[in-house]
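Please take a moment with the sequence and the model shown here before reading on. The paragraphs that follow go from the whole chain to its parts, and then to single residues.

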Amino acid sequence: MLKKYLITPGPTAVPEQVLLDMARPMIHHRTPEFEAIFKEARQGLKKVFKTEQEPLILASSGTGAMEAAVVNTLNREDKVLVINGGKFGERWIKICQTYGIEVSTIDLEWGSSVKAEDVKAFLDKNPDTKAVFVQGSETSTTVYHPVKELAAVTKNLPETLLVVDGITSAGVHDTRFDEWGIDILITGSQKAFMLPPGLAFITLSQKAWNMAETSRLPKFYFNLKTELKNQLKNTTAWTAGVSLIIGLKTVIDMMEKEGIDNVFKRHEINAEATRQAVKALGLKLLAKDLPSNAATGCFLPENIDGKAFVKYLRDKCGISLAGGQDHLAGKILRISHLGYHDAFDTITAISAIEMGLLKFGANIELGKGVAAAQKVLMGEMPEI
Ligand SMILES: Cc1ncc(COP(=O)(O)O)c(C=O)c1O
């Protein structure tokens, strides 16, 4: 028997109760029963994103909501700035260019976080910039970008939006949509929200809704004004992702029971335990400035083939972790802390990595990483 552990930065493990609730017989989406569930799920999202604005639930993966952010607020030949520090920064560039938007970039070495003062300097020089696109957490590099500081730069600029791909940062890092002055926040169901893939959430500030009034880019399925009109009446423009939304309601109940801020804290503790563990094993962290609490990336010893290592952990130990993308393929390991993940998932992941390292010939002492993680976990979680 091989018990399977999904410890990747999305999709993530789905709690048993959520699976059971989603397995209930189908109900119709134009019914009071579904509308009550939908209403509660959206109210819950407001608490997670700390906003009085209206989070919209879309039936798509996260990229759909990224595209929706662009086509609902901008026009052809608008000028925008993209923080380009990894695979998902590149996605913002591709989406914007698809719609004829003029993209400037701040290019970062993979592993670096953007500096808010560099964004400010760019906007001072280019005041006609309509939007700054960034990832809260750049999953490909396991880096956090300083969302609060970036929002402080754009907050008082009436015609410049801060658009945050929070696909692996919302529900992980405390993200105060209203207080910080974020303009668009996006996330997906298959990350911190502990659901299968298939839903995306997008929230717009009043500034973003104002820009939607003058946006002429083509949109039909992702017309957010149509969605808002419907979702304010607790329904969706198109057929809702019924089972996923039923699951979302259960997830929201679980998060509220744990306490939203405790959810953020749990991610922080497990991320810190993992960082200390990999350092104790002599592995170098990929994130140079601000590490993401969604996943920890670290370099494997040079003589280890990372692709074979990830395959060994998955096929022989039942532990799915992520490897690297593009030029980091085969070189790094990304260990998730996202969603339905607790202290003993962290311990399991670290112990498997230790066994793998030994198997692949690395000179490590078994238990050193586990002990470092245990120290953090016991220090931070007195109930253990
Ligand atoms: C930061 C980030 N942005 C965007 C995406 C793309 O989301 P999706 O695959 O749900 O379309 C991902 C997926 O891993 C991500 O981690």
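How many helices and strands are there in the protein chain? The protein chain holds 14 helices and 13 strands, where helices (H or I, at least four residues) and strands (E, at least two) are DSSP runs numbered from the N terminus. The model is a predicted one, in which local features need pLDDT of at least 70 and side-chain atom pairs count only at pLDDT 80 or more, while totals for chains, interfaces and linings use all residues. Residues are numbered from 1 along each chain as its sequence is written.

Taken as a whole, the protein chain has a radius of gyration of 21 Å, which agrees with the value near 21 Å that a compact globule of 384 residues would have; the radius is taken over C-alpha atoms, and the globule rule is 2.2 Å times the number of residues to the power 0.38. Along the principal axes, the C-alpha atoms fill a box of roughly 60 × 55 × 35 Å. Of the 384 residues, 51% are buried, a residue being buried if 20 or more other C-beta atoms, placed from the backbone, lie within 10 Å of its own, exposed if 12 or fewer do, and partly exposed in between. Among contacts with a separation of 6 or more, 71% join residues 24 or more positions apart, a contact meaning that two C-beta atoms, placed from the backbone, lie within 7 Å.

The protein chain is divided into domain 1 (5-10 + 259-380) and domain 2 (16-257), with bounds that come from an automatic or database domain assignment. The C-alpha centres of domain 1 and domain 2 lie 27 Å apart, and the contact takes 26 residues from domain 1 and 28 residues from domain 2. On the side of domain 1 that touches domain 2, the elements giving two or more residues are α11 and β11 (295-299), and the largest share, five residues, comes from α11. Just after α11, Gly-282 takes a positive phi of about 80 degrees.

Which residues are found around the ligand? Among them are Gly-10, Ser-61, Gly-62, Thr-63, Phe-88 and Asp-165, where a residue is near a molecule if its C-beta atom, placed from the backbone, lies within 6 Å of it.

Thr-142, with a phi of about 55 degrees, is found in the loop between β6 (137-138) and β7 (143-144), and Thr-142 counts as buried because 31 C-beta neighbours lie inside 10 Å. Asn-234, with a phi of about 60 degrees, is found in the loop between α9 (224-231) and α10 (242-258), and Asn-234 counts as partly exposed because 16 C-beta neighbours lie inside 10 Å.

Finally, Asn-75 is found in the loop between α3 (62-73) and β3 (79-84). Asn-75 and Met-211 are 136 residues apart in sequence, yet 9.7 Å apart in space, C-alpha to C-alpha. Not counting residues up to four places away in sequence, Asn-75 touches Ser-215, Arg-216 and Leu-217.
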